[in-house]
Amino acid sequence: MDVVIVGGGVIGLLTARELRAAGVSVTVLERQSPGRESSWAGGGILSPINPWQVPEPITRLCSWSQRVYPDLARQLQESSGIDPEWQPSGMLLRVSPQDRQAIEAWGVKHGLKVQCLDAAAAVVAEPNLWEQGEAVLLPHVAHIRNPRLLAALLRDVELSGVKVLAQHPVRYIDIADGRVRAVETEQGRFRADCYVVAAGAWSEQLASLTGLNLPVQPVRGQMLVFDGEPGWLNHIVLDQGQYLIPRRDGRILAGSTVEYAGFDKSTTADGGAQLAGFAHGLLPLLRKCSIERHWAGLRPGSPQGIPCIGRHPAVGNLYFNCGHFRNGLVMGPASARLLADLALGRPPIVAPQDYAIQAVTGCD
Ligand SMILES: Cc1cc2nc3c(=O)[nH]c(=O)nc-3n(C[C@H](O)[C@H](O)[C@H](O)COP(=O)(O)OP(=O)(O)OC[C@H]3O[C@@H](n4cnc5c(N)ncnc54)[C@H](O)[C@@H]3O)c2cc1C
C-alpha cells in the first residue's frame, strides 16, 4: 500500500510515521518547508490550557498522547540525534474558587492528580511570580520544544524511508468514480492507493476541491520569547487564558493571542504589547531582559476544537486529519494513530465517531 499525505506539519509527519511503522510506503507533499507553520509557532504545552473545560473527544486524544509522549520523545532523540526537550514541568494555574472545584472534579473523573496550593506553597513552587495567591498544580502536564520536535520528527521519518517533498503545493485533486486518482502539484502528478489531507489551517481549501465544506479556519496566535535565565520559572504558568512556558535554556515564552484575521500571519504592535504586559506583570524579572522574537502562526480552528479524523464521505480513498485548533501538538500522536488505524482497517485506539467528518460537518 502507498499513501500520499498533503501537509508536513506535526499532524502530517506523525501520520507518516505511524503509516511507515506499519510498512506503508509514504510520500509527504509540503507546500513550502516542512514543520514551519502552526506546528513551529506553537508553545508546546502538552495539555489544553484549560483541560477541565474541553469536550471529552479532545480529552480522550490528549490523554492517549500524554501517555506515549515520553517514549516518543526518547525514540525521536535516539533516531534523529535531536532532543525535543520533553519536560515534565507541571502546569500551575491561577484560578477562581469555582474553577478550582471544577478542576478537582475533573481530576477525580480522569484519575489525575490535582494539587491545591495555598499562598505559601505557591510561593515555594514559583518564588519569582509577582502576585502570589492560591494556585492549582497539575503535575502531569509536560511541554516540548516544538521546533525541535518537528526537526527530530522530520529526520526520523526521512531515515525510516518516508519521502518528504518540500515546495510541492497540491493545487488539484483528480477524482473519478468516487476515488482520488492523483493529486497535482506544479512538479507533477502523484498517485497512491490512499491520500491524507493534513494541511492544517489550509485543509478547507483542499476539502473544497473535493466538494466538501470543512469548517476549518485560520486562527492567528502571536507569541513572544524572552531571553530569561534557567530557574526563573519552574512550571508552565497559566493565568486568565495566557501562559508562560520555561524552556530548558532559560528562555521564557509568553502566549498567546486568539485572533480571527484570515490568513494574515503578521504580528501586531497591540498583540506584542498585550503579551509583554502580561509577562512583565506575572514575572517581573522579565522586565529586565529583551524580547528575542515576536511571531505569529495560524491555528487550524474547528468547531469546539475537535479535529476531523476520518474518511471523506463521498471519496473512498481520501482521509482528513486536520482541525486540531489549539491542541495539535498534544493531540498529534493519538490523531496520527487513529488515522492510521482507520486507513489500515485496524481496531481504532479510541471510538472514531466523534471525529468523523459527518460528525464535524453535520453532513451525511
Ligand atoms: C501561537 C500558537 C500556540 C500554540 N500552542 C500550542 C500548544 O501549546 N500546545 C498544542 O498542543 N498546540 C498548540 N498550538 C496548536 C498547534 O500548533 C496546531 O494545532 C498544530 O500545529 C496543527 O498542526 P498541523 O500539522 O495540522 O498544521 P501545520 O503545522 O500548520 O501544518 C500544515 C502544513 O500543511 C502545509 N500545506 C498547506 N496547504 C498545502 C497544500 N496545498 N499542499 C501542500 N502542503 C500544504 C502547510 O504549509 C503546513 O506546513 C499552538 C498554535 C499557535 C499558532
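Tutor: Start with a term. Two strands count as paired if DSSP finds at least two bridges between them. Keep in mind that this is a predicted model.

Student: Then what is the bridge partner of Asp2 in β2?

Tutor: Ser25 is the partner of Asp2 in β2. That bridge belongs to the pairing of strand β1 (residues 2-6) with strand β2 (residues 25-29). The two strands run parallel, over five bridges.

Student: What holds such a pairing together in general?

Tutor: Strands of a sheet pair through backbone hydrogen bonds, and the sense is either parallel or antiparallel. Here β1 and β2 sit in an open sheet of six strands. Its order is β6-β2-β1-β10-β17-β16, and the pairing is mixed.

Student: Which strands stand at the edges of that sheet?

Tutor: β6 (163-165) and β16 (308-311) do. Each has a single partner strand, so one side of each lacks a neighbour in the sheet. On average, neighbouring strands in this sheet are turned by 15 degrees against each other, direction ignored.

Student: How many bridges link β16 and strand β17 (residues 318-322)?

Tutor: Four, and the sense is antiparallel. Ile309 has Asn321 of β17 as its bridge partner. β16 and β17 form a hairpin, with six residues between them.

Student: What is the strand order in the sheet of eight strands?

Tutor: The order is β4-β5-β3-β12-β13-β14-β11-β15. This sheet is open as well, with mixed pairing. Its edge strands, β4 (115-117) and β15 (291-301), pair on one side only. Neighbouring strands are turned by 20 degrees on average, direction ignored.

Student: Is strand β11 enclosed or open to the outside, and why?

Tutor: Burial gives the reading. A residue is buried if 20 or more other C-beta atoms lie within 10 Å of its own. Eight of the 10 residues of β11 (residues 217-226) are buried, so the strand is largely enclosed by the rest of the structure.

Student: Which strands pair with β11?

Tutor: Take β15 to begin with. β11 and β15 pair in the antiparallel sense over 10 bridges. Phe226 stands opposite Ile252 of β14.

Student: What does β14 (residues 252-255) do with strand β13 (residues 242-246)?

Tutor: β13 and β14 run antiparallel and are joined by four bridges. Leu244 stands opposite Ala254 in β14.

Student: Now helices. At what angle do α1 (residues 10-21) and α6 (residues 146-159) pack?

Tutor: For a helix pair, read the angle, the axis separation, the handedness and the residues in contact. The angle between α1 and α6 is about 35 degrees, with the axes 10 Å apart. Their crossing is left-handed. On the α1 side, Val10, Leu13, Leu14, Ala16, Arg17 and Arg20 take part. They meet Leu150, Leu153, Leu154, Asp156 and Val157 in α6. The contact holds eight nonpolar residues, no polar ones and three charged ones.

Student: Leu19 is also in helix α1. Is Leu19 buried or exposed?

Tutor: Count the neighbours. Leu19 has 25 C-beta neighbours inside 10 Å, so it counts as buried. Leaving out residues up to four places away in sequence, Leu19 touches Val3, Val24, Val26 and Ala340. Leu19 and Pro347 are 328 residues apart along the chain, yet their C-alpha atoms are separated by 15 Å.

Student: Where are Gln240 and Gln304?

Tutor: In loops. Gln240 lies between β12 (236-239) and β13. Gln304 lies between β15 and β16. Gln240 is exposed, with 11 other C-beta atoms within 10 Å. Gln304 is exposed too, also with 11.

Student: How compact is the chain as a whole?

Tutor: The chain has 10 helices and 17 strands. Its radius of gyration is 20 Å, close to the 21 Å that the globule rule gives for 364 residues, so it is as compact as a globular protein of that length. The C-alpha trace spans about 65 × 40 × 40 Å along its principal axes. Buried residues make up 47% of the 364. Of the contacts with a separation of 6 or more, 73% link residues 24 or more positions apart.

Key:
Residues numbered from 1 in each chain as written. Predicted model: local features only at pLDDT ≥ 70, side-chain atom pairs only at ≥ 80, totals over all residues. Axes fitted to C-alpha atoms, helices over the stretch in contact; angles between N-to-C directions. Rg over C-alpha atoms; globule rule 2.2 N^0.38 Å. Buried ≥ 20, exposed ≤ 12 C-beta atoms within 10 Å, placed from the backbone. Contact = placed C-beta atoms within 7 Å. Left-handed = near helix turned anticlockwise from the far one by under 90°. Nonpolar A, V, L, I, M, F, W, Y, C, P; charged D, E, K, R; others polar.
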